[in-house]
Amino acid sequence: MTLDLLPPGQSARIVAVDWDSLVDEEARRLRALGLDDGARVTVSHRGVFGGRDPIALSVGRMKVAVRRAHAAAMEVEPL
Amino acid sequence: MSRQRKIALIGNPNAGKSALFNALTGARQKIANYPGVTVERKSGRMVLPSGEPVEMTDLPGSYSLDPTSPDEAVTAKVIRGEFVGESAPDALIVVLDASNLEQHLVFAQEVIALGKPTVVALNMVDLAERDGLVLDPQALEQALGVKVVPTVAVRRRGLAELAEAVAQAELRDPPSRINTLSMVERRVAAHAMADATIVSESKRHRLHSRLDKLLLHPWMGPLILFALLFVVFQAVFAWATPFVDILEGAVGVLGEGVIEAVPPSLGRDLLTEGVLAGVGSVVVFLPQIVILFFFILAMEASGYMARAAFLMDRMMAGVGLSGRSFIPLLSSFACAIPGIMATRSIADSRDRLTTILIAPLMTCSARLPVYAVIIAAFIPQRTVGWGVGLQGLVLFALYVAGILGAMIVALVLRRSLTKGAASGFIMEMPKYQMPNLKDLLIGLWQRAWIFLRRAGTIIFMVTVVLWLFLSFPRAGEGESQVDVSIAGRLASGLAVVVEPIGFNRDMALALIPAMAAREVAVSSLATTYAVAASDDDEEAQAMALGDQLKARWTLPMALAFLAWFVFAPQCMSTIAVTRRETNGWKWPAFMLAYLFGLAYIAAGATFWIATAAGL
């Protein structure tokens, strides 16, 4: 399952990231924010007015907003 | 020691670095740009316990020394001493958010590994305590190998200890431990260090997750944001009025004082008609700008601005931008200049350029006087139902026209000139906190000062030049000064160009001085029509101007004039700021061309459609 499909509130661990599908700078920025192999994430909020973009993720004690395309590059394993 | 030593603050964004900087240096700060780039350089003075004064700089917040934005590139270069024209800092204070250790320790390790004299400020320990965290700074000190000082910048807690530690770090040898860990290894180490530092952690339901449930709610969130924006705009226009009146009164009194004190001469005319009328008409917008920035700074300091960007991201994505563009565009409703400067926070260069190019389409406060005069003169004061006034509706339509224009231009630009991979939106959303009044006031003072300095330099010069153009060559007996002047001759030439869109020569003449600032168009029209009312009674003058306009312009002409001002780039300062922020004349030239083109088409279409409709 990829992170964009994870139901809100459900915790998961990132098991693989398809970095090549992302722009280099954005890939580095995501990694710097701790979104990398092994990180534990939760989808806390998603979209406005019924849309599915953007997504607010909880990573550790931090909250990070990303687009659905970024989340789709991350393979997760629900915990 | 011949040279003043330098200490730099460094840390992740949202670590409370700016608050710590304010607390350590006070309000006397120097804000400039790093040479050659548009990244803000903030510096101030701090006195060490020994009495030695040192220069403190606040480096842009970074996640890594492997930069992904212009801001991070500056931090990485300065700290390594590789930035041309900027000497490397002698010592570093790494600022950590105490409640976000696991994340912030990754960057901290990277900085400490450089081997410079370093002290760690374990900042915002009060918020960590509020979150139920009990921390052991000694454990962190052992793990990192450098002195760790717990601080609460906004309450001035731990500042003396921090200064003491910095002074000692200077005397000590830099940590000899050579750190060659990879990012992944650092993250594992950060996790272990955070675990060792956190003594206990209660699972208290945190305030901000509850706030987020409401403020980021898919339906309630946007509604709350729009309600908040409505209040902000009401405040900008309603609260500012008394202050604007006071400032206008003061400018008027000053003008009268000059007229009384100085005998009639060209020099006096320059002072009253040029300097006071020109600079004065811009300075009166200071209250609106201060009020808007009060809200913007409060939204930023409280952590809400990142939520607003999150809520607006979907809409901005529709035209190829991201939520990050929302803050600069919001600022542009007061004035495009602070708006364009705020685009510095946008990491993607094409995103940033697009935002700069559309910022002047947000209806800035300088257009209001023009809109107000024309609407009052030509739009009947009646309601169109549900208590909605026709005049207010027209004003609202002009704002909407600007926003729609901006969205369409962004859409087109992102598919042509600023084409590139769809820009993403990756943004840390900081914890909510109560804004600190002192930090807000320092921020407001800095914004106000930038605005006033601009009024005193660029606008002052442009106004004087325009006055010279309007005053020379001198008119002879029985000639009109306006007709004879350089500006008058330019207007006659310009009139040929704007005739097809319904403008007459008087309108063309008003456009020339309005290049300095849009609102000058009003006073310029007033002068041209030689209104008989006394100069000190502005209301009578405005009324009389309205009557004059009604007698000389048709409704289609007036509507075309309004449409022109929605798009026309009639503001030299915006062009000057764009040149500075894009490092060249290419983009400001493009901005001028496309905005004048749009203004010409919009005014022409309005004129001919209105004429065909028999208005």
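This is a predicted model: local features need pLDDT of at least 70, side-chain atom pairs count only at pLDDT 80 or more; totals for chains, interfaces and linings use all residues.
Seven strands of chain B form an open sheet with mixed pairing, in the order E2-E3-E4-E1-E5-E6-E8. Its edges are strand E2 (29-33) and strand E8 (147-150) of chain B, each of which pairs on one side only, and neighbouring strands of the sheet are turned against each other by 25° on average, direction ignored. Within this sheet, strand E1 and strand E5 of chain B pair in the parallel sense, with B:Ala8 having B:Leu92 of E5(B) as its bridge partner. Helix H3 (residues 101-112) of chain B lies across E1, E5 and strand E6 (118-123) of chain B, and runs at about 165° to E5(B).

**The contact between the chains**

On the side of chain A, 31 residues are in contact with 29 residues of chain B. Helix H1 (24-32), strand E2 (40-46), strand E4 (62-66) and helix H2 (68-72) of chain A are the elements that each give two or more residues to this side, and the largest share, 7 residues, comes from H1(A). By class, the side of chain A that touches chain B holds 13 nonpolar, 8 polar and 10 charged residues. Strand pairing also links the two chains, as E4(A) pairs with strand E10 of chain B in the antiparallel sense, and A:Lys63 stands opposite B:Met429 in E10(B).

| Strand pair | Sense | Bridges |
|---|---|---|
| E1 (residues 6-11) of chain B and E5 (residues 91-97) of chain B | parallel | 5 bridges |
| E4(A) and E10 (residues 427-429) of chain B | antiparallel | 3 bridges |

Terms used: Residues are numbered from 1 along each chain as its sequence is written. Chains are lettered from A and ligands numbered from 1 in the order in which they are written. Two strands pair if DSSP finds at least two bridges between them. Helices (H or I, at least four residues) and strands (E, at least two) are DSSP runs, numbered from the N terminus. Axes are lines fitted to C-alpha atoms, for helices over the stretch in contact, and angles run from 0 to 180 degrees between N-to-C directions. Two residues are in contact if their C-beta atoms, placed from the backbone, lie within 7 Å. Ala, Val, Leu, Ile, Met, Phe, Trp, Tyr, Cys and Pro count as nonpolar, Asp, Glu, Lys and Arg as charged, and the others, Gly among them, as polar.
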